[in-house]
Amino acid sequence: MRLEQAIRTVNQRGEKAFIPYVMGGDGGIERLPAILAFLEKSGATAIEVGVPFSDPVADGPVIQEAGLRALAKQVSLKDVLEAIRVARQSTTVPIVVMTYLNPIFRYGIDSFLATCREVGVDGLIIPDLPLEQSDQFFAGRNKQEIALVQLVSLTSPIERIEKLATHSEGFLYAVTVNGTTGGQTHFGDALEEHLAKVAQLSPVPVLAGFGISTPEHVRQLSTSVAGVIVGSKIVELLHQGDEVAIEQLMAARLPDVTV
């Protein structure tokens, strides 16, 4: 799949993958194409685009607030997909849509998948879709090359990690904290060992995410895996208009870079 290949290509160059997360519609849906273009130019391996939702169970305060700002402007799943269509006129990196089941059901599963293919979506993250229901959810539907990314938690037993890794497409999302998204000041001492174990078990690249907010975090947590996903800090910096800080954060994916 294109998403997995993009990650492997970056790793083959001796770099780590960096996937920034943005909330679609934060600051106005018309801003999304320009934001995606900026992140691609700054070195994003792929970009995760969130869909605003009223009950975002996996999101911490920063992303929840961004979602509320987008919802206040009445941004919908359809709006986000149409903005991705516009962005595809100038943006070529893989795009992963992160959404919950309810907006997909309201859109219509088959219509949602068809639109994703039309506008150039490469992957999906659906936090409230359990692995056991994902086959049933997509059974008989034309998903084609759209990767369904699975998430593995810190508390998952080895057998569960193996099962999730085997079924994950594009990459395996290794959650680095217990709880929701948001910046952390310290990660547990055993985290790097855990990430190395997950990477050993996974046939697809493993990316670490949740709580990563500094260049030091990027370098530390990407040591044992293919790269990182950064959400809350990117959302916060975009809201503040601090593009320089975003570029510095993303530069930490490069070998021997000090910022």
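Are F137 and F138 buried or exposed? Both residues are buried. The model described here is predicted.

## Aromatic residues

Six aromatic pairs are found in a search of the whole structure. In one of them, the ring centres of Y107 and F112 lie 6.2 Å apart with the planes at 75°, so this pair is edge-to-face. Y107 is partly exposed, at 24% relative accessibility, whereas F112 is buried, at 1%.

F137 and F138 also form an edge-to-face pair, with 4.8 Å from centre to centre and 85° between the planes.

## K143 and its salt bridge

K143 takes part in a salt bridge with E169, in which the closest N and O atoms are 2.6 Å apart. K143 is in the loop between helix 7 and strand 5, and E169 is in the loop between helix 8 and strand 6 (172-175), so the bridge ties together parts that are 26 residues apart in sequence. The two partners fall into separate accessibility classes: K143 counts as buried at 12% relative accessibility, and E169 is partly exposed with a relative accessible area of 24%.

## Other salt bridges

Side chains of opposite charge can pair when their charged atoms come close. The structure holds 13 salt bridges. Among them is the bridge between E132 and R160, at 2.5 Å from N to O. E132 belongs to helix 7 (residues 131-138) and R160 to helix 8 (residues 158-167), so this bridge connects parts that are 28 residues apart in sequence. E132 is partly exposed, with a relative accessible area of 41%, and R160 is partly exposed at 28% relative accessibility.

A further salt bridge joins D122 to R88, whose closest N and O atoms are 2.8 Å apart. This pair links distant parts of the chain, 34 residues apart: D122 is in the loop between helix 6 (109-119) and strand 4 (123-125), and R88 is in the loop between helix 4 (77-87) and strand 3 (95-98). D122 is buried, with a relative accessible area of 9%. Through shared partners, salt bridges join R2, R88 and D122 into one network.

Which strand holds V49? V49 is in strand 2 (residues 47-50). V49 has a relative accessible area of 0% and is therefore buried. Leaving aside residues up to four places away in sequence, V49 touches V22, G24, L32, L36, V80, I95, V96, V97 and M98. Between the C-alpha atoms of V49 and E162 there are 27 Å, with 113 residues separating the two along the chain.

Q150 is found in strand 5 (residues 147-152). Why does Q150 count as buried? Its relative accessibility is 7%, and buried means under 20%. Leaving aside residues up to four places away in sequence, Q150 touches L131, S134, L164, H167, S168, F171, L172 and Y173.

Note on methods:
Residues are numbered from 1 along each chain as its sequence is written. This is a predicted model: local features need pLDDT of at least 70, side-chain atom pairs count only at pLDDT 80 or more; totals for chains, interfaces and linings use all residues. Side-chain values use heavy atoms; hydrogens and water are left out. Helices (H or I, at least four residues) and strands (E, at least two) are DSSP runs, numbered from the N terminus. Buried means under 20% relative accessible area, exposed over 50%, partly exposed in between (1.4 Å probe, protein chains only). Contact means heavy atoms within 4.5 Å. A salt bridge is a side-chain nitrogen of Lys or Arg within 4 Å of a carboxyl oxygen of Asp or Glu. Rings of Phe, Tyr and Trp (its six-membered ring) pair if their centres lie within 6.5 Å; planes under 30 degrees apart count as stacked, over 60 as edge-to-face and the rest as tilted.
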